[in-house]
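Visitor: I have a protein model to look at. Please walk me through it.

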Amino acid sequence: MPVHEITDPDDDRIADYRALTDVELRTRWEPPHGLFIAEGELVLRRALRAGYPARSYLVDAKRVDQLADLDTGDTPVYAATPEVLQRATGFHVHRGVLASFHRKPLPSAAEVLADARRVVILEDVNNHTNLGAVFRGAAALGIDAVLLSPSCADPLYRRSVRVSMGEVFAVPYAKLERWPAGLDQVREAGFTVLAMTPAPDAVPIQRLTPAQRERAALLLGAEGPGLTAAAQSASDVRVVIPMRRGVDSLNVAAAAAVAFWELGRDDPPVPSTSACMTMRPSE
């Protein structure tokens with residue numbers, strides 16, 4: 001595996017990795033150029049397994065051996081000191097491994113709905129940490145696809161990918177370009193749209209009928225404001241996770257995980273394929 005040494009953080013060969021902490025810049029740069037950045041060896045390997053073509057690798061010079069088993073082909077591998085990596089990217093790359101990938105064309109909403117039994121729909125979820133956590137919960141708890149309103153954050157932004165531990169590559173997702181009118185398409189595909197809300201008159205999620213659970217499309221809003229009135233009006237049933245001790249609601253990712261488990265609690269058990277993984281607070 002040929003390795004190219006980088007000593008200048010402004011080297012044009014690693015332009016893909018510049019200013020990774022600048023969300024506005026990365027949002028303007030990555031999607032229009034059909035790229036995204038993966039951080040960490042585990043996430044990198046999951047992207048490769050999911051069929052995303054690598055454009056380049058950038059690693060801490062002391063960690064080059066971590067990629068020794070990869071068939072990198074013509075994809076360049078760049079190595080640099082931690083100091084050069086930090087100056088180029090704008091942060092301390094504590095995992096020591098980055099990669100730039102080409103995006104794949106997004107499927108249509110109709111395509112992901114056709115192969116799904118249970119989906120989650122997100123409205124205005126712009127926090128990348130929450131978005132990544134929802135994808136990780138969806139992968140773990142039996143959600144077959146994710147649908148995004150036009151204003152949702154990019155699931156392939158580096159932080160979303162990292163928080164999801166690469167599960168954004170495992171769960172198909174698509175955009176509902178017309179909002180909230182696109183919810184009609186979900187309903188026409190045979191799903192019951194369940195709007196999550198803390199409203200006192202909402203149906204406790206554990207009280208849903210078998211018919212409402214059968215093909216559920218769980219609709220969640222952004223942290224704080226929750227679902228818009230228009231989205232709730234376009235749903236079939238408003239549902240709530242009953243709270244105790246005066247707590248009115250949960251973080252959207254936590255609420256999603258609870259609801260995912262509840263909707264799938266009667267599913268046949270599925271053997272675990274990997275050990276439970278935890279993330280340090282710094283990750």
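Guide: Buried area is the accessible area (1.4 Å probe) that two parts lose on being put together, summed over both. This is a predicted model: local features need pLDDT of at least 70, side-chain atom pairs count only at pLDDT 80 or more, and totals for chains, interfaces and linings use all residues. Residues are numbered from 1 along each chain as its sequence is written, and side-chain values use heavy atoms, with hydrogens and water left out.

Visitor: What area do domain 1 and domain 2 bury between them?

Guide: Domain bounds come from an automatic or database domain assignment. Here that assignment gives domain 1 (3–102) and domain 2 (109–264). Of the area buried between these two domains, 63% is on carbon and sulfur atoms. The total is about 1,300 Å².

Visitor: How many salt bridges are counted between domain 1 and domain 2?

Guide: A salt bridge is a side-chain nitrogen of Lys or Arg within 4 Å of a carboxyl oxygen of Asp or Glu. Between domain 1 and domain 2 the count is three.

Visitor: Which elements give two or more residues to the side of domain 1 that touches domain 2?

Guide: Helices (H or I, at least four residues) and strands (E, at least two) are DSSP runs, numbered from the N terminus. The residues on this side of domain 1 divide into eleven nonpolar, one polar and five charged. Nonpolar means Ala, Val, Leu, Ile, Met, Phe, Trp, Tyr, Cys and Pro; charged means Asp, Glu, Lys and Arg; the others, Gly among them, are polar. The elements are α1 (23–33), β2 (35–39) and α2 (41–49).

Visitor: Which are the edge strands of the open sheet?

Guide: Two strands pair if DSSP finds at least two bridges between them. Seven strands form the sheet, in the order β8-β7-β6-β11-β9-β12-β10, with parallel pairing. An edge strand pairs on one side only. That gives β8 (173–175) and β10 (203–204).

Visitor: Which residue of β11 stands opposite V193?

Guide: Strand β9 covers residues 192–196, and strand β11 covers residues 216–220. The two run parallel, joined by four bridges. Opposite V193 stands A217.

Visitor: What is the omega of the cis peptide bond?

Guide: Most peptide bonds are trans. The cis bond joins W179 and P180. P180 lies in the loop between β8 and α7 (183–188). Omega is about -5°.

Visitor: Where is D124 found?

Guide: Most residues other than glycine have a negative phi. D124 has a positive phi, near 60°. D124 sits in the loop between β6 (119–122) and α5 (128–140).
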